[in-house]
Amino acid sequence: MKYRILLVNAPVLSVLEPWFDAPEFVRTSLAFLAGYLRQYGDFEIRCFDAKFERKSFYETADQIALWKPDLVGFSAFTNEIKPSAYLAGLVKKRMPAVVTVIGGPHVTAIPTQTIRQFPTFDIGVVGEGEETILELCNALCNKQPLDKIKGLVYRNDQGEIILNPQRPRILEPDKLPMPAWDMMPVAKEYYTQTVRGCPLACTFCMNHNGKLARKTSVEKTVDEMEWLINYGAKRISFGDELFSVDMQRTSKMMDLMIEKKIGERVSWDIQTHVAYVNDELFEKMKRANIEKVEMGVEAGDDNILKRMGKATNRTMILKAFASARKHGIKTGSFLLLGQPNETRQSMWNTIKFGILLNPTEPIIGTIVPYPGTE
């Protein structure tokens, strides 16, 4: 019988932010991992997005136990680590021999602490997961030691927590197979990722994908969009930290999307930085029928922006939003309140700057000192 792998997105403890806690999109990381394991491994693989399917913890644990996997893999941001650990504990009660693996930004930021704090996880995958989880599953399947697998944190037979050396990043994303969207529930919305990494150094961001922006080719990106359209997607969002970091690549992508009439068949939107857009790009994005461009603003004061590591100023931000508006493109602006040294006046400056920008969708958040951030 083949080694059985189940990749899970855990339910939520409560719905605090509906966009994320009751999503209309399936979990991107599960599709990426499943696609890689399917192409390069010889396993039986399933994905279960319990958050998307609105399952309870007990329903999820029961379904996992029915399938009897050998390994259950979880992916978690910091705000998801407790629900994932809780579900892992429920699974362990039903299947004591199952191997539970946690990946994602939280364990990447504080690997040893995560495994120590949450004993329901046996192993952690630190950094990008595709190559690591493949080597891990092969090793477990063949009862081989884990000490030579880069990018792992785990307990040895004596109960000691071992952190293996860091795994190098995947430098050529084109060598990755297309995400296994067909193994996920059918959704109306999909988040994909075609750029991994961000060269900026914002103090409030962990940047778990690193400083080097590694880009999927234009052709592969548009092929994936076509596949998702045929699969039933009504909206495709790019989860890239900086979609247009390579402006020449972005321009070529717009040309191909216009040629293939992508924007006439699906709604699509991006996130990017005000330094990586201009009139020419916005003009092409409009012709490609973009739905919305979200850009980080964060603060309304140049000194605060500098302290935050934003590499922007008010003039750059105003120019980018004015250019988008000139071309009739909807905008989203991210504003942050509560950063270090915040005052009542600096908060008002940010709010007033947001009013001056007049985005289509103002998004206001509060600073949280997440693990891995400065």
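Predicted model: local features only at pLDDT ≥ 70, side-chain atom pairs only at ≥ 80, totals over all residues.
User: How do β1 and β2 run relative to each other, parallel or antiparallel?

Analyst: First the rule: two strands pair if DSSP finds at least two bridges between them. Strands are DSSP runs of E with at least two residues, helices are runs of H or I with at least four, and both are numbered from the N terminus. Here β1 (residues 4-9) and β2 run parallel, joined by 6 bridges.

User: In what order do the strands of that sheet come?

Analyst: The order is β2-β1-β3-β4-β5-β6-β7, an open sheet of 7 strands with mixed pairing. Because β2 (44-49) and β7 (161-163) each have a single partner strand, they stand at the edges, and one side of each is left without a neighbour in the sheet. From one strand to the next, the twist averages 20°; for such angles, axes are lines fitted to C-alpha atoms, for helices over the stretch in contact, and the angle runs from 0 to 180 degrees between N-to-C directions.

User: Where does the antiparallel pairing come in?

Analyst: Look at β5 (residues 123-125) and β6 (residues 152-155), which pair in the antiparallel sense over 3 bridges, with Gly124 partnered by Val153 in β6. β6 and β7 are antiparallel too, again over 3 bridges, and Arg155 stands opposite Ile161 in β7. These two strands form a hairpin with 5 residues between them, and Gly159 in the turn has a positive phi of about 85°.

User: Which helices lie across this sheet?

Analyst: Contact means heavy atoms within 4.5 Å. Helix α2 (residues 28-40) lies across β1, β2 and β3 (71-75), at about 165° to β1. Helix α4 (residues 81-94) lies across β1, β3 and β4 (99-103), at about 165° to β3.

User: What is the pairing in the sheet that begins with β8?

Analyst: That open sheet has 6 strands, ordered β8-β11-β12-β13-β14-β15, and its pairing is parallel. Its edge strands, β8 (189-192) and β15 (361-366), each pair on one side only. Inside the sheet, β11 (residues 235-238) and β12 (residues 267-272) share 3 bridges, with Ser237 opposite Asp269 in β12.

User: At what angle do α9 and α10 cross?

Analyst: Helices α9 (residues 247-259) and α10 (residues 279-287) have axes that come within 9 Å and cross at roughly 25°. They are therefore roughly parallel to each other; angles under 35 degrees get that label, over 145 count as roughly antiparallel, 65 to 115 as roughly perpendicular and the rest as oblique. Among the residues that meet are Met254 and Ile258 in α9, and Leu281 and Met285 in α10.

User: How should I read a pair of aromatic rings?

Analyst: A pair is described by the distance of the ring centres and the angle of the planes. Rings of Phe, Tyr and Trp (its six-membered ring) pair if their centres lie within 6.5 Å; planes under 30 degrees apart are stacked, over 60 edge-to-face and the rest tilted. By this rule there are 16 aromatic pairs. Phe20 and Phe77 have ring centres 6.0 Å apart and planes at 80°, so this pair is edge-to-face. It links distant parts of the chain, 57 residues apart: Phe20 sits in helix α1 (residues 18-21) and Phe77 in the loop between β3 and α4.

Terms used:
Residues numbered from 1 in each chain as written. Heavy atoms only, no water.
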